[in-house]
Every structure is written in structure tokens, then in C-alpha cells.
Amino acid sequence: DSARSHGVRTHLCATLFSGHSAFLSSQSARQNLIDQLIMLVQQRDADGINIDFEAVPLGVSQALTGFMIDLSEQFHDAHPEGILSIDLPAVDWEAVFDVETLREYVDLFFIMGYDYYWNSSNTAGPVAPLYPLTGGYDRGLCRTVSDYQSRGLPGEKIILGLPYYARLWKTASGSVPSATLGAGTA
């Protein structure tokens with residue numbers, strides 16, 4: 001209510017961090033979520049839906065794409081001006097997210113441009129490097145965006161999420177890069 005009173009668009013976010021196979025293999029569970037999301041958007045007069053399904057295994061990639069197509073068609077039928085977005089990992093190692101297909105159904109793709117180096121990383125490094133820190137780990141924001149665009153994701157549909165945090169590790173030396181001596185903290 002506070003966001004709406006200040007003219008801020010609101011989006012309902014649905015998250016799933018485990019149990020992907022059980023959810024995506026159940027047509028009734030998928031339809032129930034779609035129905036609930038559309039109802040909640042109507043009740044709250046929200047502007048859109050964001051799907052944040054993380055650590056999705058490769059084996060459910062097609063089911064995820066099918067779910068997003070069903071959600072998109074039903075949501076856009078009920079809310080023609082509504083915005084459907086999905087969160088993408090900084091590195092989609094196994095191409096779980098079929099952005100070439102999804103670009104026709106999803107309005108915006110939120111790339112989680114962070115956690116290139118994690119609490120348990122063996123090497124200390126930036127949470128969101130613009131370019132790779134070393135040749136041995138060639139990932140960074142520029143490569144992430146380039147990779148998604150090369151898979152067919154148009155630039156006008158990309159939102160690049162950047163962190164407001166960093167990580168701190170005890171390291172073997174003060175040089176860059178340096179091996180970590182334990183878990184890092186945010």
C-alpha cells in the first residue's frame with residue numbers, strides 16, 4: 001500500500017529454491033500457482049509477477065519453460081498490461097533457462113549479477129566483477145550479459161541486478177588473487 005501511494009509499481013514475487021521437480025511435474029500444482037498469482041495480482045492491484053526459481057536442475061528445464069508459457073498466456077489474458085519477469089542466474093552453466101523461447105512470453109529478464117565469488121569460494125574476489133579477475137575464472141558482468149544476448153535475449157528486456165554488499169575473507173596473502181582461508185562473510 002505504501003509503495004502504491006507513492007506511485008511505485010509493484011510486482012508479486014514467487015520464489016522456489018528447492019523441490020523444483022515435484023512442483024514442475026505436477027500440472028495441478030502449476031495451475032494452482034498460476035491461479036493464485038493472478039488472483040493476488042487482482043486483489044492487490046499489482047503491476048506484475050516476478051518468478052524467482054533458483055538452483056533449477058537441468059532435468060526440469062522443459063517443464064520450467066512450459067510453466068512460464070502457461071503463466072504468461074493466462075496472466076496476459078487476465079492482465080494485458082501486466083508485466084511478467086523471471087530471474088536468471090549470473091551464470092546459467094547448463095542453459096537451464098531457454099531464453100530463446102521465453103523471450104516471446106516473458107516481458108523482462110532480471111539477471112542476478114552477483115555472487116560470482118561466494119562465501120565458500122576458494123579464491124577471494126569481487127561479488128560482481130565487471131570483467132574477470134583472472135584468466136582461470138573468466139566470468140564477470142560483461143560476459144554474463146553477452147552470453148545471454150548471444151542466446152537470443154534482447155537488450156531491451158534485460159534488467160541487470162547489482163549488489164549492495166561485498167564479501168570479506170581471510171586470505172593466504174594480500175595479493176590479488178589470493179586463496180581463502182575459510183568462509184567469507186557478507
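The model is a predicted one, so local features need pLDDT of at least 70 and side-chain atom pairs count only at pLDDT 80 or more, while totals for chains, interfaces and linings use all residues. Residues are numbered from 1 along each chain as its sequence is written, and side-chain values use heavy atoms, with hydrogens and water left out.

Let's start with helix 3, residues 27-44. Helices (H or I, at least four residues) and strands (E, at least two) are DSSP runs numbered from the N terminus. Helix 3 has 18 residues and spans 26 Å from first C-alpha to last, close to the expected 26 Å; that expectation is 1.5 Å times one less than the number of residues. Its buried residues are Arg 30, Ile 34, Leu 37, Ile 38 and Val 41. They sit on the same side of helix 3, because they cover an arc of only 95° around the axis, taken from the directions from the helix axis to the C-beta atoms. Here, buried means under 20% relative accessible area, exposed over 50%, and partly exposed in between (1.4 Å probe, protein chains only). Ser 28 and Gln 43 are exposed on the face turned away from the buried side.

What do the buried residues of helix 3 pack against? They pack against strand 1 (11-16), helix 2 (20-24), strand 2 (48-53) and helix 4 (61-78), where contact means heavy atoms within 4.5 Å.

On to the sheet: it is open, with 5 strands in the order 1-2-3-4-5 and parallel pairing. Its edges are strand 1 and strand 5 (158-161), each pairing on one side only; strands pair if DSSP finds at least two bridges between them. Strands 1 and 2 share 6 bridges, and Cys 13 has Asn 50 in strand 2 as its bridge partner. Helix 3 lies across strands 1 and 2, at about 140° to strand 2, whereas helix 4 lies across strand 2 and strand 3 (83-88), at about 170° to strand 2. These angles run from 0 to 180 degrees between N-to-C directions, with axes fitted to C-alpha atoms, for helices over the stretch in contact.

The largest nonpolar core has 33 residues, and Ile 51, Phe 67, Met 68, Leu 71 and Leu 88 touch the most other members. Helix 4 gives this core its largest share, 5 residues. Such a core is a set of buried Ala, Val, Leu, Ile, Met, Phe, Trp, Tyr and Cys residues joined through side-chain atoms within 4.5 Å.
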